[in-house]
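Good morning, and thank you for coming.

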Amino acid sequence: MVGRHAARSRRAALTALGALVLTALPSAASAAPPPAPGPQPAARTTGTGAPPARMLRAMERDLGLTPKQAAARLVNEAEAGTRAGMLRNTLGDRFAGAWVDGATAAELTVATTDSADTAAIEAQGAKAAVVGKNLAELRAVKEKLDAAAVRTRTRQTPVWYVDVRTNRVTVQATSESAATAFLEAARVTGQGVGVRVSPDQPRVLEDLVGGDAYYINDQARCSIGFSVTKDDQEGFATAGHCGDPGATTTGFNEADQGTFQASTFPGKDMAWVGVNSDWTATPDVKAQDGEKIQIAGSVEALVGASVCRSGSTTGWHCGTVQQHDTSVTYPEGTVDGLTETTVCAEPGDSGGPFVSGTQAQGTTSGGSGDCTNGGTTFYQPINPLLSDFGLTLKTTSAAEQTPAPQDNAAADAWAAGRVYEVGTTVSYDGARYRCLQSHQAQGVGSPASTPALWQRV
């Protein structure tokens with residue numbers, strides 16, 4: 001952690017980067033042969049139709065893919081997200097999660113609590129999994145664990161999450177006894193909670209294109225996440241543990257840069273820095289060898305999807321999403337709502353951007369392991385950060401800056417700049433639409449023009 005750690009010299013912040021150790025969670029990816037994807041609307045409207053070459057090469061390296069498989073995987077993931085959203089809205093309370101499998105993410109699985117839904121799921125080209133608990137029931141169990149974490153120590157049970165693949169809530173603990181104590185404190189014993197024993201205890205990764213370094217109070221280093229705006233103020237999103245409100249920052253070139261406007265940690269791990277007029281917000285994220293990727297939006301990736309991270313310590317690395325809505329206990333406290341990945345990271349990468357295709361996913365929070373032996377990293381999803389702080393993501397989706405939400409707009413009227421969750425209904429141009437994938441609405445991405453994100457009802 002930075003900002004809240006004891007002060008140390010700039011040289012120490014640059015050189016004393018402690019390693020973290022973790023065994024990655026097992027992958028459920030299958031060896032399904034890649035399809036021959038056409039130009040699906042989902043791929044076009046989420047910016048994955050023409051992925052950056054550097055991203056493809058990093059996916060080939062880190063996921064063991066051929067060039068053709070890497071390109072096919074991004075298209076398949078975008079298309080699967082749209083189908084999963086349609087099925088989630090159709091199944092309603094029976095929906096129990098969705099995920100992709102296979103080297104090219106060619107297989108979409110959708111879980112339901114009613115076997116009668118199998119035909120509808122298969123009609124969408126997905127595999128049906130009939131399970132015992134719906135997503136709401138799983139989240140209710142996790143919420144009990146979240147509540148227990150407020151009143152009890154959870155350093156020995158540092159991670160818990162909804163695992164849609166196994167249809168249960170899982171607790172990662174350093175021992176069976178620690179897990180038992182936590183489950184008893186949460187009063188969820190006998191409710192099918194799984195336990196994974198591991199010695200790993202995640203910690204935040206210490207120490208402006210996304211991925212560039214910045215320095216806090218001339219004492220510590222983190223990484224820029226994504227450029228954002230709020231009214232006329234430009235800035236960037238980053239990790240909350242990197243600094244408190246009022247902390248000052250300097251850029252990678254040691255020039256005065258900005259001030260932390262808001263910061264939440266623990267509980268959540270989110271913050272944003274407002275920059276001075278010497279700095280300009282861009283949609284760029286640093287990729288391999290200094291090349292840049294431009295962000296087109298913030299459509300949330302499914303469990304099993306590929307994701308890549310940029311950071312000022314280790315650069316550009318890729319992996320897959322393991323699960324969303326994960327709670328993690330760091331030495332400083334518990335953070336809820338994180339996403340767990342198989343991407344490696346090291347101290348100083350904190351705050352840096354996670355992307356899937358050209359879609360912003362979140363900012364690096366913490367983890368364990370390193371980029372020599374591999375590891376697990378958690379990120380704070382970007383959409384809640386944008387919503388909580390009233391920020392607009394800087395993207396390439398509009399010729400001009402996306403306008404911020406208007407407070408006086410009709411409650412159900414679609415508005416650029418608002419963050420929409422799956423299932424939300426809006427009115428637009430005399431018609432009604434239902435959201436298929438969580439995202440922040442962009443200025444040129446109206447419901448009528450983005451069938452990957454909105455379904456007319």
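Let me begin with a term: a residue is called buried under 20% relative accessible area, exposed over 50%, and partly exposed in between, with a 1.4 Å probe and protein chains only. What you see is a predicted model, in which local features need pLDDT of at least 70 and side-chain atom pairs count only at pLDDT 80 or more, while totals for chains, interfaces and linings use all residues. Residues are numbered from 1 along each chain as its sequence is written, and side-chain values use heavy atoms, with hydrogens and water left out.

A salt bridge here is a side-chain nitrogen of Lys or Arg within 4 Å of a carboxyl oxygen of Asp or Glu. By this rule there are 13 salt bridges.

Please look at Asp388 and Lys268, whose closest N and O atoms are 2.5 Å apart in a salt bridge. This pair links distant parts of the chain, 120 residues apart: Asp388 belongs to helix H8 (residues 382-389), and Lys268 to the loop between strand S13 (256-264) and strand S14 (270-275). Helices (H or I, at least four residues) and strands (E, at least two) are DSSP runs, numbered from the N terminus. Lys268 is partly exposed, with a relative accessible area of 32%, and Asp388 is partly exposed at 42%. Elsewhere, salt bridges with shared partners join Arg54, Asp289 and Glu291 into one network.

Arg73 and Glu77 form a salt bridge as well, at 2.6 Å between the closest N and O atoms. Both residues are buried, and they lie four residues apart in helix H4 (residues 67-91), about one turn of the helix.
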